[in-house]
Amino acid sequence: MTDPNTKKCSRMKRLVDLLTTVISVVGAQIIADHFFEKPLVWTLLIMVIFWVILSPIGLLLHKKIDAYYVGKLEA
């Protein structure tokens, strides 16, 4: 049987990944539609740039989530 804290930890990590993806896609779509002529090409380029910027933040949040649940397990 899996520890409930492990399940919560993995769910939190998936949520962070999902939010990072949604922010990248929606932000890129808004910027491309508003400022550029061919939105699909620009959406992909801007999305990659957003993803590159947000990836280190996501990894930092993953480490914080791990630290929280590992500390919670030891307490």
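Arg14 sits in helix α1, where helices (H or I, at least four residues) are DSSP runs numbered from the N terminus, as strands (E, at least two) are. Arg14 is exposed, at a relative accessible area of 55%. The word exposed means over 50% relative accessible area, buried means under 20%, and partly exposed is in between, with a 1.4 Å probe and protein chains only. The areas themselves come from the Shrake-Rupley method with a 1.4 Å probe, and for residues only the protein chains shown count as cover.

Before going on, a word about the source. This is a predicted model, in which local features need pLDDT of at least 70 and side-chain atom pairs count only at pLDDT 80 or more, while totals for chains, interfaces and linings use all residues. Residues are numbered from 1 along each chain as its sequence is written, and side-chain values use heavy atoms, with hydrogens and water left out.

Back to Arg14. Together with Lys7, Lys8, Arg11 and Lys72, Arg14 makes up a patch of positive charge on the surface. Patches are built from residues with over 30% relative accessible area and no salt bridge; like charges are joined within 9 Å, and nonpolar side chains (Val, Leu, Ile, Met, Phe, Trp, Tyr) within 5 Å. Lys and Arg count as positive, Asp and Glu as negative, and His and the chain ends are not counted. The place of a charge is taken as NZ of Lys, CZ of Arg, CG of Asp or CD of Glu. Which helix gives the largest share of the positive patch? Helix α1, residues 4-35, with 4 residues.

There is also a nonpolar surface patch, of about 780 Å². Among its members are Met12, Leu15, Leu19 and Ile30. Leu19 lies in helix α1 and is partly exposed, with a relative accessible area of 47%.

Next, the salt bridge. The term means a side-chain nitrogen of Lys or Arg within 4 Å of a carboxyl oxygen of Asp or Glu. How many salt bridges does this rule give? The count is 1. The partners are Lys13 and Asp66, whose closest N and O atoms are 2.8 Å apart. Lys13 belongs to helix α1 and Asp66 to helix α2, so the pair ties together parts that are 53 residues apart in sequence. Lys13 is partly exposed at 22% relative accessible area, and Asp66 is partly exposed at 30%.

His62 is in helix α2, which covers residues 39-74. Is His62 buried or exposed? Its relative accessibility is 17%, so His62 counts as buried. Not counting residues up to four places away in sequence, His62 touches Lys13, Val16 and Asp17; contact means heavy atoms within 4.5 Å.

Leu54 is another residue of helix α2. Leu54 is buried, at 19%. With neighbours within four places in sequence set aside, Leu54 is in contact with Thr20, Ile23 and Ser24. Its C-alpha atom is 20 Å from that of Ala67, 13 residues apart along the chain.

Ala32, in helix α1, is buried with a relative accessible area of 0%. Leaving out residues up to four places away in sequence, Ala32 touches Pro39, Trp42, Thr43 and Ile46. The C-alpha atoms of Ala32 and Leu45 are 13 residues apart along the chain and separated by 9.3 Å.

Last, the loop. Lys38 is found in the loop between α1 and α2. Lys38 is exposed, at 58% relative accessible area. From Lys38 to Lys8 there are 30 residues along the chain, and their C-alpha atoms are separated by 41 Å.
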